[in-house]
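The entries follow the order in which I looked things up.

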Amino acid sequence: MSDFFDELNKSIEKGKESHLKYINYYKEQEKNENKIENNNESSNV
Amino acid sequence: MDTHENRAEEVLNIYNESENKIKSDAIISRALADKITTEAIDEKVDAQLNSIKVQIHEINPNFKDDKKYYEIAKQTIQDSMKRYEDNLLTLSKPFDDQIEKLILEKAEIETSIAGDFLAENYLKENHENSEEENKKKVSKESKERIKEIDKKIKDLNDQKDEAIRKAMEEGNGAIQVNVKKIKVFKKIKRFFMVKLNSYKVIVKDVINPFNERIDKFNVS
């Protein structure tokens, strides 16, 4: 079954290839949102 | 937390939940295939063992008291049962391998479909609608393929179950659970069997025919 888990992760990664552009976009957006939130919190302190 | 400011986090959370569900579903499907194999083999091995016990009892109900030959017969039957079980595992493996491939293909397609959610959000946010129709078309084809895969997995599980149950059986392939089918020896014959040496009779009438069925079995 451990081989199956490895293969399953590979399949999921393969499935992600079609929309990697969007994953990366939202990850980048998330980072920016967190930065803004942290800045707001530190300016409030 | 300001929901507007954490829009990307929300979108990613929904996407990650989909990914986790895809993984769980795949693991459950794989475990179910294993369960079907294990249950069918266990049932068959138990039935075969019971059948042998009944046959030995018919030959000599007190065979257990003959410690020397009982231990020899027990060891021989255990070895045969091991080969019997190995044959069943060999038989089920190609079915389970095919099922596993289909499960992995399904996980890949579902992950790709989950990406449509990200794409739709992205296109709306960035006012890019040109790809949208094409995406929907691809998803429709993918969903049809998933339906096909589900049906194939079900069929393969059913075929595997049937193949295991029919393997190494005599005649119509029914599992040897029916005690009535076992040859009932007449009292007089049983008397001579006990006198002559039950072990020899057990080897000739029970163990050898069982081993023949195991040896004849060809997984193809």
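Entry 1. I began with a helix pair in this predicted model. On one side, Phe4(A), Leu8(A) and Ile12(A) of H1(A) make the contact; on the other, H1(B) answers with Glu19(B), Ile22(B), Lys23(B), Ala26(B) and Arg30(B). Sorted by class, this contact of H1(A) with H1(B) holds 5 nonpolar and 3 charged residues, and no polar ones.

Entry 2. I then looked up the geometry of the pair. The axes of H1(A) and H1(B), the latter spanning residues 7-59 of chain B, come within 11 Å and cross at roughly 145 degrees. The crossing of H1(A) past H1(B) is right-handed.

Entry 3. I widened the search to the whole contact between the chains, to which chain A contributes 20 residues and chain B 23 residues. On the side of chain A, helix H1 (2-16) and helix H2 (20-44) each give two or more residues. H2(A) gives the most, with 10 residues. The side of chain A that touches chain B comprises 8 nonpolar, 5 polar and 7 charged residues.

Entry 4. I next examined the largest nonpolar core, which has 28 residues; Leu88(B), Ala107(B) and Ile164(B) touch the most other members. At least two residues each come from H1 and H2 of chain A and from H1 and H2 (67-125) of chain B. H2(B) supplies the largest share, 12 residues.

Entry 5. I listed the neighbours of Ala107(B), leaving out residues up to four places away in sequence: Leu8(A), Ser11(A), Ile12(A), Gly15(A), Ile22(B) and Ala26(B). I also noted a second, separate core of 10 residues, among them Ile59(B), Ile202(B), Val206(B) and Phe210(B).

Note on methods
Residues are numbered from 1 along each chain as its sequence is written. Chains are lettered from A and ligands numbered from 1 in the order in which they are written. This is a predicted model: local features need pLDDT of at least 70, side-chain atom pairs count only at pLDDT 80 or more; totals for chains, interfaces and linings use all residues. Two residues are in contact if their C-beta atoms, placed from the backbone, lie within 7 Å. Helices (H or I, at least four residues) and strands (E, at least two) are DSSP runs, numbered from the N terminus. Ala, Val, Leu, Ile, Met, Phe, Trp, Tyr, Cys and Pro count as nonpolar, Asp, Glu, Lys and Arg as charged, and the others, Gly among them, as polar. Axes are lines fitted to C-alpha atoms, for helices over the stretch in contact, and angles run from 0 to 180 degrees between N-to-C directions. A crossing is left-handed if the near helix is turned anticlockwise from the far one by less than a right angle, and right-handed if clockwise. A nonpolar core is a set of buried Ala, Val, Leu, Ile, Met, Phe, Trp, Tyr and Cys residues joined through C-beta atoms within 7 Å. A residue is buried if 20 or more other C-beta atoms lie within 10 Å of its own, exposed if 12 or fewer, and partly exposed in between; C-beta atoms are placed from the backbone.
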